[in-house]
Amino acid sequence: MKLLVCIKQVPDLESRFKPDSEGVWYSESDLAWRMNEYDEFAVEQAVQLREKLGETVELTVLSIGPDRVVEAIKKALAMGCDNAVHIQDPVAAAKDPWQIASVIAVYAKDKGYDLIFTGMQSQDRGSAQVGVMVAEQLGYSSCTTLVGFEYDSGVVTAKRELEGGIKGVVKMKTPALVTCQLGLNVPRYPTLPNIMKSKKKEIITLAVSDLLTAEPLAATISFYSPTKKGGGLVLEGEVASLVDQVIGILKEKTSVLR
Amino acid sequence: MKTLLIGEYREGKLLESTYELLGFASQLGAETAFLLVANEFQLPAYDGMLYLADVDICGEYNPDLHKKLVLDAVKRENPDYIVFLHSSYGWDLAPRVAASLKVAQISEIIAIVPGGFEVGSCNAKMRRTVKPNGTKAVLTIQAGAFPSERTGTSPKVQKLTAESTGALEFLGYEAAEKKDVDLGKAEVIVSAGRGIGKKDNVPVIAALAKALGGEVGASRPVVDAGWVEHSHQVGTTGQTVSPKLYVACGISGAIQHLAGMKKSDFIIAINKDKDAPIGEVADVLVVADVLQFVPALTQKLQNV
């Protein structure tokens, strides 16, 4: 059985973002990078399945991007993936979701993956398209926003998270793709022995130009900070003074201290 | 310009958010047609063309079949834009339709702007303007970003049907976990976000809630991490609240959280990051370390 998990490396979302020189995406200077949070849940679920089913299963992690994404790949290997594919693309951020999905689908087409895991969306772009589009291009069944996952002899039972905390329960046969929501599991921290072990695991590097066949379908015109709606008061300074100001505001503007 | 609007129906009811699609089309100045998988006795307040598929046959969640229905309606109407809500139904179905038509999808639109559509990025801290390269596109709109609109009472109904591929079987719904607190009734809610750092700091937030006579709320990451029970979660997948006072402690303000609390009468946010999106809805943003400010505020309140 073959499993694939697709991950993206994104900036730490606590960072301050500035437009790049073309003004269509963020500037990469002064950013710290990490694995997209949703993808950590995807990796964990794939690794859990890999552990449950044993040695006959091969779990590959795939990421598209410049050399820096190898750091995210290494984390996935240390979490328990068997091997990795790095699709080298210095300008991955300029591709639209359709192109990214096409690159993954072209790579995966003849590999015979039974199950593909992705995050439900990336934290930086947030389009929630790539996973489903990969499945559509491969002709796989797919299901999004998983907060529950079970697998038994070729059948996935998935719990989808719906609005208001309700869940939808879905059954589908492999080959299939699932997109993982936060809270699906508890992603593990790689242990030191596993980090050491992962250094021997293979990372195959492919050039994106060999896999890219699709033209972009959408274009970003500009990237910018939201216009502040105003009205909100911003308080800065010493804690003691802030406390006094807030108590004054609570007394004046709300009825909760009366 | 013409739009095909894809409405939503769940657990036997037309979802109110469906009317936001009409609000969007109206801002766009576009003609409309609707597609709904529903029940013919519960039609939307709409007087245009409604493509209706029977929910008893087509199911509430059957994406392969619903995709075929959308493609059928697209063929009949030839719309410029096929518009979904950015919801668990919409973000699941929209990319299937976009992939089948090989047209652009623009996700979670918050506004119509010159040159294209505005969407959030980087956890709502930034914005992008995106435009489709072709003339046709699939769009999903953010819940609550466009006003609800009704346009009459009696749609012109055209029935559609399609065969299921049987690739996926919907087994049913699982109810939300029982609530041990009803945040909807609380006058004051003090919520903990990831910025509190660790589970051991939850009592710091609880102490402020107690001093203000309120309840403890939480953002999604705090609940996912197991620091606070799910019943306290505020946001799209938790509870929607509108207390007299909402205090957001170390909550950056993901869209899903804002949607659950922005109607509160008065909002105070405490955050180290002056640019955190929570600042957009807060009446007061206190730029400070939660773990220094909150205990100091609690102590002072106890002496008031």
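Predicted model: local features only at pLDDT ≥ 70, side-chain atom pairs only at ≥ 80, totals over all residues.
Local features need pLDDT of at least 70, side-chain atom pairs count only at pLDDT 80 or more, and totals for chains, interfaces and linings use all residues. Residues are numbered from 1 along each chain as its sequence is written, chains are lettered from A in the order in which they are written, and side-chain values use heavy atoms, without hydrogens or water.

Start with the overall build. Chain A has six helices and 13 strands. Chain B has eight helices and 17 strands. Both elements are DSSP runs, numbered from the N terminus: helices are H or I with at least four residues, strands are E with at least two. The C-alpha atoms of chain A fill a box of roughly 65 × 40 × 40 Å along the principal axes. For chain B the box is roughly 70 × 40 × 35 Å. Of the 258 residues in chain A, 55% are buried. Of the 304 residues in chain B, 57% are buried. Buried means under 20% relative accessible area, exposed means over 50%, and partly exposed lies in between (1.4 Å probe, protein chains only).

Now the aromatic residues. The whole structure holds 13 aromatic pairs over all chains. Rings of Phe, Tyr and Trp (its six-membered ring) pair if their centres lie within 6.5 Å; planes under 30 degrees apart count as stacked, over 60 as edge-to-face and the rest as tilted. A:Tyr26 and A:Trp33 have ring centres 6.3 Å apart and planes at 45°, so this pair is tilted. A:Tyr26 is buried because its relative accessibility is 4%. A:Trp33 is at 23%, so it counts as partly exposed. The rings of A:Tyr107 and A:Tyr113 also form a tilted pair, because their planes meet at 35°, with centres 6.4 Å apart. Both A:Tyr107 and A:Tyr113 are buried.

A:Tyr26 and A:Trp33 belong to one aromatic cluster with A:Phe17, A:Trp25 and A:Phe223. Charges join the picture here. The charged end of A:Arg68 sits over the ring of A:Trp33, 3.5 Å from its centre. The charged end of A:Lys2 sits over the ring of A:Tyr113, 5.2 Å from its centre. The test is NZ of Lys or CZ of Arg within 6 Å of the ring centre and within 35 degrees of the ring normal.

Next, the surface of chain A. A:Leu192, A:Ile195 and A:Met196 make a nonpolar patch of about 290 Å². Patch residues have over 30% relative accessible area and no salt bridge; like charges are joined within 9 Å, nonpolar side chains (Val, Leu, Ile, Met, Phe, Trp, Tyr) within 5 Å. A salt bridge is a side-chain nitrogen of Lys or Arg within 4 Å of a carboxyl oxygen of Asp or Glu. Accessible areas come from the Shrake-Rupley method with a 1.4 Å probe. A:Leu192 lies in helix α5 (residues 192–198). Its relative accessible area is 60%, so A:Leu192 is exposed.

Finish in the loops of chain B. B:Gln239 sits between α6 (220–224) and β15 (245–249). B:Gln239 counts as buried because its relative accessibility is 6%. A polar atom of its side chain lies 3.3 Å from the backbone oxygen of B:Val181. B:Ile251 has a relative accessible area of 3%, so it is buried. B:Ile251 and B:Val290 are 39 residues apart in sequence, yet 9.9 Å apart in space, C-alpha to C-alpha.

Terms used. Polar contact = N/O pair within 3.5 Å; in protein donor to acceptor, adjacent residues only side chain to side chain.
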